[in-house]
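Subject: Structure handover

Hello,

The structure you asked for is below, with notes on what was found in it. Please read the part on confidence before the rest.

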Amino acid sequence: MLSDMQSAIAERSAAFANIKKDFTGKSIEFVQVHLPDLTGLFRTKYAPFKVSSEGESLNAILYNIAHSDGAPIGDVVFDAPICNLDNGFVSIQALVDPATAVIHGWRPNVASMILNSFMDDGTTCALDARARLKHFEDKLRAMGYEAHFAFEYEFGIFHYDEELI
């Protein structure tokens, strides 16, 4: 029987090959990979372009650190049973979702993709927000419901200037 991660790799293999070919042909040099956490924030890493169809090792501390006004400060927000100070924030495996691949128009040599995360044994990481959302969508669908989501855009005025407003 395949693990969750092995199944995801098998399902995504053709898409991995297409993205690698497409991005290489478009001179993509860097990729931003995003890992959504349970608080709704994207944990983002910027790296040289590489699409790994086998997954990449990632430290699970990404799920636990706090960011203040967009600047990483490294404070642990919460200890989770699978990643905490006592176990050294175990490694998890991150696998890009090719369906989320986009090339940035404002930086044509940069692309972005969202990650799913798995434990070292291949099971879905309990803190993977996208997996949790899919789980609850499937539960709702089984009960005859359909979930709908929307964004809420917010902004702040940091320097009030009557003439500019």
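Contact here means heavy atoms within 4.5 Å, and pLDDT is the predictor's confidence in each residue, from 0 to 100. This is a predicted model, so local features need pLDDT of at least 70 and side-chain atom pairs count only at pLDDT 80 or more, while totals for chains, interfaces and linings use all residues. Residues are numbered from 1 along each chain as its sequence is written, and side-chain values use heavy atoms, with hydrogens and water left out.

Confidence

The protein has an average pLDDT of 77, and 73% of the residues score at least 70. Helices (H or I, at least four residues) and strands (E, at least two) are DSSP runs, numbered from the N terminus. Confidence is highest in helix H2 (residues 129-142), with a mean of 91, and lowest in strand S4 (residues 65-68), with a mean of 47. Over residues 66-73 pLDDT stays under 50, and the model has eight contacts beyond four places in sequence for them. Where pLDDT is low, the predicted coordinates should not be read in detail.

Nonpolar core

A nonpolar core is a set of buried Ala, Val, Leu, Ile, Met, Phe, Trp, Tyr and Cys residues joined through side-chain atoms within 4.5 Å. Buried means under 20% relative accessible area, exposed over 50%, and partly exposed in between (1.4 Å probe, protein chains only). The largest core has 18 residues, of which Phe 23, Leu 95, Val 96, Met 113 and Leu 115 touch the most other members. At least two residues each come from helix H1 (4-25) and strands S1 (30-36), S6 (91-96) and S8 (110-118). H1 gives the most, six residues.

Salt bridges

There are four salt bridges in the structure, each a side-chain nitrogen of Lys or Arg within 4 Å of a carboxyl oxygen of Asp or Glu.

- Asp 97 and Arg 130 pair at 2.9 Å, N to O. Asp 97 lies in the loop between S6 and strand S7 (102-103) and Arg 130 in helix H2, so the pair ties together parts that are 33 residues apart in sequence. Asp 97 is buried, at 12% relative accessibility, whereas Arg 130 is partly exposed, at 26%.
- Asp 138 and Lys 134 have their closest N and O atoms 2.8 Å apart. Both are in helix H2, four residues apart, which means about one helical turn. Salt bridges that share partners join Lys 134, Asp 138 and Arg 141 into one network.
- Asp 22 and Lys 26 pair at 3.2 Å, N to O.

Regards
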